[in-house]
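Student: I have a new model on screen. Can you walk me through how to read it, one feature at a time?

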Amino acid sequence: MSKIGIMGGTFDPIHNGHLMLGEQAYREYELDEVWYMPSGTPPHKRNHYVTEGAMRLAMTELAVNGHKGFVCSDFELSRNGNTYTAQTLGLLNKEHPEHSFYFIIGADSLYEIESWYEPAKVLAQAVILVASREYENADHSMDSQIAHLSSIYDSDIRILHCKEMDISSAQLRQMIARGQSIEEFVPQKVAAYIQAHGLYQEAET
């Protein structure tokens, strides 16, 4: 049975922090592949514009190309309507019973996961790999959060021993709108794609 990591997200744009997290998961847990899966219509981001899926997929493909074990997947983009993680993992397990799935998340998601759509299904359908950086808005430690979720949902949650890059896609969009260079934060081909297509030129309101 192959061990497949799932890196989901809007990837608007994808950046080096996403790649660093996937690389750590690939190495530390000896995964066979890491699938980078841009989201379709993310329900939690209805309040701001999301770049069209084909462009986010193209940037993701450029970013992962050449990285051993990394795969760009349109699995979520090919679905209609809102895309929920619980549904995605369920479909993946149904379509690929030959794989075991490892869902890769940042520290913030670990603390917010109980507010997601059907969190019990998310936590039951994959091993959760979480970046080890503490979440600044948390009122308790990561260890206690893992213990809490494991107890309630009987979930398998494991630590990724890496630093998360202190940059977000939202910050990068703001930098581009201000005319600042983002080349130290994204792969060169992604920076070139953003420039060639004139993405993120207007400040978000």
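Tutor: Start with one residue. Histidine 15 sits in the loop between S1 and H1. Keep in mind that this is a predicted model.

Student: Is histidine 15 buried or exposed?

Tutor: Look at relative accessible area, where buried means under 20%. Histidine 15 has 5%, so it is buried.

Student: Which residues does histidine 15 touch, leaving out those up to four places away in sequence?

Tutor: Ile167, Ser168, Ser169, Leu172, Phe185 and Val186. The side chain of histidine 15 reaches the backbone nitrogen of glycine 17 at 3.0 Å.

Student: Now the overall layout. How many helices and strands does the chain have?

Tutor: Eight helices and six strands. Read from the N terminus, the order is β-α-β-α-β-α-β-α-α-β-α-β-α-α.

Student: How compact is the chain?

Tutor: Compare the radius of gyration with the globule rule. The chain has 17 Å, close to the 17 Å that the rule gives for 205 residues, so it is as compact as a globular protein of that length. The C-alpha atoms fill a box of roughly 50 × 40 × 35 Å along the principal axes. Of the 205 residues, 46% count as buried.

Student: What do the contacts say about sequence range?

Tutor: Take contacts between residues at least 6 apart in sequence. Of these, 75% join residues at least 24 apart.

Student: Next, the sheet. In what order do the strands lie?

Tutor: The order is S3-S2-S1-S4-S5-S6, in an open sheet with parallel pairing. S3 (70-72) and S6 (157-160) are the edge strands, and each pairs on one side only. On average, neighbouring strands are turned by 30° against each other, direction ignored.

Student: Which helices pack on the sheet?

Tutor: Helix H1 (residues 16-28) is one of them; it touches strand S1 (2-9), strand S2 (33-38), S3, strand S4 (99-105), S5 and S6. The direction of H1 makes about 150° with that of S2. Helix H2 (residues 53-64) also packs there, touching S2 and S3. The direction of H2 makes about 160° with that of S3.

Student: How many bridges join S1 to S2?

Tutor: Bridges are the unit of strand pairing. Six join S1 to S2, and the two strands run parallel. Isoleucine 4 is a handle on this pairing: its bridge partner in S2 is glutamate 33. At the other end of the order, four bridges join S5 (residues 127-131) to S6, again in parallel. There, leucine 129 has arginine 158 of S6 as its bridge partner.

Student: Why is S2 called largely enclosed?

Tutor: Count its buried residues. Five of the six residues of S2 are buried, so the rest of the structure largely encloses it.

Student: What do their side chains reach?

Tutor: Arginine 79 makes a polar contact with the side chain of glutamine 87 at 3.3 Å. Arginine 173 reaches the backbone oxygen of aspartate 12 at 2.6 Å.

Student: Last, the cysteines. How many disulfides are there?

Tutor: A disulfide is a covalent bond between the sulfur atoms of two cysteines. A search of the whole structure finds zero. Cysteine 72 is buried at 16% relative accessible area, and cysteine 162 is buried at 13%.

How values were computed
Residues numbered from 1 in each chain as written. Predicted model: local features only at pLDDT ≥ 70, side-chain atom pairs only at ≥ 80, totals over all residues. Heavy atoms only, no water. Disulfide = S-S within 2.5 Å. Buried < 20%, exposed > 50% of the residue type's maximum accessible area, 1.4 Å probe, protein only. Pairing = 2+ DSSP bridges. Axes fitted to C-alpha atoms, helices over the stretch in contact; angles between N-to-C directions. Contact = heavy atoms within 4.5 Å. Polar contact = N/O pair within 3.5 Å; in protein donor to acceptor, adjacent residues only side chain to side chain. Rg over C-alpha atoms; globule rule 2.2 N^0.38 Å.
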